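Please look over the structure below before reading my comments. They are meant for someone who has not seen it before.

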Amino acid sequence: MQFGVIVFPGSNCDRDMVYVLRDVLNCPTRLIWHQETTLDDVDVVVLPGGFSYGDYLRCGAIARFSPIMAAIVEHANLGKPVLGICNGFQVLTEVGLLPGALTRNEGLHFICDRQPLEVANNQTAFTHLYAEKQHITIPIAHGEGRYQANEKTLAELRANQQVLFRYAGENPNGSLDNIAGICNRQRNVMGMMPHPERASDPMLGGTDGLALFKGMLTANLC
């Protein structure tokens, strides 16, 4: 399985993601500059965290117009897997591959901490190696991670079991329904605000995020 990690001007978690995929999991992985236009050799697309285009306008609002995004949308529409982390989640909502929006944290402060999460749905290719309602700890680092959507969208997310992770205990940013990660109806596009790549190596103090990446490998996504 070949991974492609998208690099926008301002991405800063791209190398972390490559380390987990290539060095920890031994998967072929390459960085893809945002001005490229094809994904012919890529099975799984990953949009990493960071501050694409300096987060001007809104987070992800400029990145959605990058040349590579047309190929990513086509990739997703073909049923192929796409994963967005933090800023990548923001980009996926801006381009319409995931519903809702990410806005300023409720307290208007940037938060960098370790956050307990509850696995809300373990019946997806991304989450199947977790137990239902399992509590895990994943680092967060964001200033605009508050998930918001209208009531109709929230009802659809609940009805279709598209919420994959919820914040457990204290809600750090005011996200509606404590939402920390969601997927699309087809289950091939996922976005989450916490950083599983920062919890995928014992040297970092925890490996709770590694099951997400291993799950993608063992689910025969491609």
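1. The model is predicted. Everything that follows should be read with that in mind.

2. The unreviewed UniProt entry lists Cys86, His195 and Glu197 under "active site". These residues span 112 residues in sequence, yet no two of their C-alpha atoms are more than 11.0 Å apart, so they gather at one spot.

3. Cys86 sits in the loop between S4 and helix H3, the latter covering residues 87-94. With a relative accessible area of 5%, under the 20% cut-off, Cys86 counts as buried. Setting aside residues up to four places away in sequence, Cys86 touches Gly49, Ala141, His142, Met192, Met193 and His195.

4. Glu197 is found in the loop between strand S11 (189-192) and helix H5 (210-218). Its relative accessibility is 2%, and Glu197 is therefore buried. A polar contact of 2.7 Å joins the side chain of Glu197 to the side chain of His195. Beyond four places in sequence, the contacts of Glu197 include Cys13, Asp16, Ile85 and Phe213.

5. Leu83 belongs to strand S4, residues 82-85. Is Leu83 buried or exposed? Leu83 is buried, as its relative accessible area is 0%. Not counting residues up to four places away in sequence, Leu83 is in contact with residues including Val45, Leu92, Met190 and Phe213. Phe213 is also among the contacts of Glu197.

6. Leu83 and Gly215 stand 132 residues apart in sequence, with 12 Å between their C-alpha atoms.

How values were computed: Residues numbered from 1 in each chain as written. Predicted model: local features only at pLDDT ≥ 70, side-chain atom pairs only at ≥ 80, totals over all residues. Heavy atoms only, no water. Helix = DSSP H or I, 4+ residues; strand = E, 2+ residues; numbered from the N terminus. Buried < 20%, exposed > 50% of the residue type's maximum accessible area, 1.4 Å probe, protein only. Contact = heavy atoms within 4.5 Å. UniProt positions renumbered as here; feature names shortened; annotations may be inferred. Polar contact = N/O pair within 3.5 Å; in protein donor to acceptor, adjacent residues only side chain to side chain.
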